[in-house]
Structures are given as C-alpha cells and as structure tokens.
Amino acid sequence: MKGPVVIHKGLDNVYVKESTICFIDGEASKLFYRGYSIEDLAAQSTFEETAFLLIRGHLPTKQELVDFNRRILLNRPLEPGLMQLIRSFPLTSDPMDVLRTAVSALALYDPAPITDKIDGRVDKAIRILSKAPTIIAAFDRLRNRKEPIPPRSDLSLAADFLQMLTGEAPDRYDAHVMDVAMILHAEHEMNASTFSCTVTASTQADMYSIITSGIGTLRGPLHGGANEAALRTVMEVGDPSNAEDYVTRALSEGRRIMGFGHRIYKTWDPRYVILKKLGAELASQKGETKLFETAVAIEQSALKHLAGSSVFPNVDSYSGIVFHTLGIPVDLFTPVFAMSRIAGWTAHSIEYLESNRLIRPKALYVGPPSLPYTPIGARAG
Ligand code: ACO
C-alpha cells in the first residue's frame with residue numbers, strides 16, 4: 001500500500017466524475033442545470049422541458065418538446081398487471097415502499113429492460129418518469145378506498161398528478177406551483193441518492209434497478225425524508241408564538257431543526273428562496289396562513305440561534321408547506337420529491353455510462369488479525 005490511508009467518511013469533497021449536468025455554488029447560493037439558473041428555469045421553463053434539458057443536455061426545440069411531451073403522455077398509464085400489483089399491496093404501506101417496489105416491477109413489464117444504447121436508456125428514463133406520478137396517485141386513491149383516476153392527455157405531468165390524486169384538475173396557479181416545485185426537485189448534483197444511482201449504473205445494471213436504488217436512498221430523514229419531518233415540526237409547533245420555545249428546547253437537547261443545514265450550501269439554498277415566495281403566495285391565496293407564519297417564526301428563531309454557523313434553511317423548510325397547501329398528504333412528500341428527481345437520476349446515470357468505470361471503493365480493515373477457528377462445541381457459552 002502506498003502512503004497513509006485517508007478515509008473520506010461521508011465522501012465529503014470527493015469527486016466521482018466530471019459532469020455537465022448541474023453546478024452548485026454553495027457559498028454564493030447558486031444552482032444551475034446544464035448552465036441555466038434555477039431562477040430562470042423556475043420562472044420560464046416547465047418540468048417537462050427541464051427534464052428534457054437534464055436528460056438530453058440542451059433546451060429542446062419546439063418539435064423536440066412536442067415529441068418529448070407526446071412520449072411522456074403515451075407512457076403515463078400503468079400496465080394492467082402493474083395496477084393489479086399495486087392493488088395487492090397492504091393499504092397501510094408506506095408510499096415510498098410502494099413507489100420503490102412499483103418502479104422495480106416496471107422492469108417486468110418491459111420486454112427489453114436492459115439496453116446499452118443511449119436512446120434505449122433515454123426510453124427507459126421517460127417510461128419511469130412518466131409513470132411515477134401515476135403510481136403514487138393510484139396508491140393514494142386505493143388506500144383511501146377510491147378507484148384510481150386515469151391520466152389525462154390535456155394536462156402537464158404536474159397538473160395531471162394533482163388531478164389523479166384529488167379527482168379535480170388544479171387551477172392554473174396550483175398547477176404552476178406544482179410544476180415549479182417539480183423543477184426545483186429535479187436535480188441536485190452528486191447527492192446521496194444520485195450517488196446510489198451512479199453506483200448501480202456503474203455495474204451496467206438496467207435503469208429500473210438504478211432508479212430503485214435512488215428511491216431507497218432518498219427515503220432517509222437526512223435526505224428526502226426531511227420535507228415530511230419539517231412540516232410535522234411546523235404542525236407540532238402549531239403557532240408562531242410557540243416557535244422560540246421549540247427552537248430553544250430542540251437546540252439545547254442537541255436536536256436538529258429539520259429543513260435546515262446542507263452539506264453543500266453554507267448559505268441560503270436558492271430553492272428555499274423560490275419555495276418560500278411560492279409558499280407565501282399560496283398561503284394567502286388559500287387564506288391558510290397559520291402554518292406558513294409558524295414556519296417563518298421557526299426560521300427566524302433558528303437563524304438567530306444558529307447565527308455565526310453555516311446552517312441556513314434548505315429546500316425542505318418550505319417544500320412541505322407548499323405540498324400540503326396543494327392538498328398532497330404528508331407521506332407523499334418524499335415520493336413527490338422522488339418522482340421529480342427521476343429526471344436528474346436518469347440524466348446522471350446516462351452521463352456516467354458514457355465513460356463508465358465500476359465504482360468500487362475500499363474499507364480500511366481494523367478488525368482482529370487471523371484468528372484460529374473454534375468449533376461450535378468448543379466455544380464458551
Ligand atoms: N439544526 C441544527 N444544527 C445543525 C443542523 C440543523 N438542521 N444541521 C447541521 N447543524 C450543525 C451540526 O450540529 C454541526 O454542529 P457542530 O459542528 O457544533 O457539531 C454543524 O451544523 C455541522 O453539521 P454536519 O452534520 O457536520 O453537517 P452536514 O454537512 O453533515 O449536514 C445535513 C447536512 C445532514 C443535511 C444536516 O444539516 C441535517 O441533519 N439537517 C436536517 C435534515 C435536513 O433538513 N435534511 C435535508 C437536506 S436537503 C436534501 O436532502 C434535499
């Protein structure tokens with residue numbers, strides 16, 4: 001072995017590939033997809049166009065976008081066998097387990113799930129991206145003892161998700177907010193779940209296995225699960241007047257404030273800035289301002305207590321409030337995050353495979369050296 005072993009616990013600052021997909025400047029509060037700022041994309045793009053940009057690498061022409069939208073539309077319905085499978089799940093299942101299992105099962109309904117061609121991988125990416133909202137909405141209907149609602153061809157992916165969930169097409173503003181929320185969650189460089197996808201991709205596994213890995217990793221409360229935890233905190237705090245007490249107690253007990261802190265952002269998460277504005281507009285439009293005001297009070301108190309540290313609000317501090325105000329149940333927040341992030345996961349997997357190298361790090365062995373084997377009858381106890 002050459003030189004001392006350096007352990008990169010958490011892989012902080014370890015680069016695993018070159019990429020043209022996403023750039024984050026965590027000191028300057030900047031996020032770009034393929035060179036376009038998140039602010040411009042949120043203001044002017046659509047989720048479908050952003051997904052094309054991430055997966056294909058450039059903004060689509062009119063015709064490319066028409067074709068991409070058509071492929072998404074055609075792929076939205078679920079195969080009867082898959083719907084049957086979802087119907088067989090326990091109604092108490094966690095929706096993230098349902099999404100992970102259903103995405104994995106999608107491979108069974110693909111006559112050729114494995115492909116080494118870029119176009120083939122893009123086909124699989126579109127198939128999974130299009131069906132994920134249908135899977136999540138269908139399961140939510142079933143667990144509420146309602147029939148799933150089929151996708152509609154006149155709605156965007158974001159609006160159709162709300163339609164399949166609630167039974168009503170959203171108004172233009174709600175559809176716009178959902179679309180922007182999906183754009184903001186579509187991609188975020190080499191985070192834990194994207195790394196999982198990249199590891200699986202590096203073995204040349206199929207796209208269904210890749211995305212199933214990502215969904216499993218996104219699930220944890222330190223990653224995708226933080227949006228649920230953040231909203232539950234706001235609900236528990238209940239009123240702006242309780243915020244200071246809550247934050248003081250949580251921090252003095254060594255607990256973390258959910259929706260705060262980030263491995264890369266050491267200042268404002270630019271997605272937080274956009275979501276907070278949308279959350280404020282949505283709350284006042286619906287006349288439901290209490291939760292939003294409570295979240296603002298928690299934020300102000302946390303910022304005061306954490307002043308001088310590099311812990312700032314992240315995307316999850318207001319995403320939960322936005323999703324909740326749109327009528328999305330709390331345990332669907334992480335699945336909604338996942339259905340948006342499929343764009344980034346597939347883009348990274350396709351990019352990695354263009355110059356693949358199997359990911360195989362090492363673990364430094366610190367256990368006992370060679371031990372004599374003791375037969376079971378001769379062991380103590
Ligand atoms: N509340 C209070 N203090 C915090 C928080 C927080 N949310 N986050 C970090 N800190 C403090 C830590 O206690 C630590 O303090 P210390 O140096 O005095 O011990 C310091 O900031 C650095 O913390 P680390 O854990 O080393 O920072 P890391 O880069 O690993 O943290 C993480 C990133 C895991 C996201 C963390 O901030 C956290 O647990 N946040 C809450 C969960 C959350 O909101 N996750 C969503 C992230 S965004 C996403 O995944 C979409």
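Ala, Val, Leu, Ile, Met, Phe, Trp, Tyr, Cys and Pro are counted here as nonpolar, Asp, Glu, Lys and Arg as charged, and the others, Gly among them, as polar. The views below show a predicted model.

**View 1. The residue shell around the ligand.** The ligand is surrounded by 18 residues. Nine residues of this shell are nonpolar, five are polar and four are charged. The closest are Arg 256, Ile 257, Gly 259, Phe 260 and Arg 263.

**View 2. Polar atoms facing the ligand.** Arg 256 places a polar side-chain atom 2.8 Å from a ligand oxygen atom, and His 223 places a polar side-chain atom 3.1 Å from an oxygen atom of the ligand. At Phe 260, a backbone N or O atom lies 2.8 Å from a nitrogen atom of the ligand. The ligand taken alone exposes 920 Å², of which the protein buries 66%.

**View 3. The hairpin of strands S1 and S2.** Strand S1 (residues 22–25) runs antiparallel to S2, and four bridges join them. Ile 24 has Leu 31 of S2 as its bridge partner. Four residues lie between the two strands of this hairpin, and Ser 29 in the turn has a positive phi of about 60 degrees.

View 4. In S2 (residues 30–33), Leu 31 and Tyr 33 form the covered face, whereas Lys 30 and Phe 32 form the uncovered one. Two bridges join S2 to the antiparallel strand S3 (residues 36–37), where Ser 37 is the bridge partner of Phe 32. This hairpin has two residues between its strands, and Arg 34 in the turn has a positive phi of about 50 degrees.

How values were computed
Residues numbered from 1 in each chain as written. Predicted model: local features only at pLDDT ≥ 70, side-chain atom pairs only at ≥ 80, totals over all residues. Heavy atoms only, no water. Near = heavy atom within 4 Å. Polar contact = N/O pair within 3.5 Å; in protein donor to acceptor, adjacent residues only side chain to side chain. Areas by Shrake-Rupley, 256 points an atom, 1.4 Å probe, with all protein chains shown as cover. Buried < 20%, exposed > 50% of the residue type's maximum accessible area, 1.4 Å probe, protein only. Pairing = 2+ DSSP bridges.
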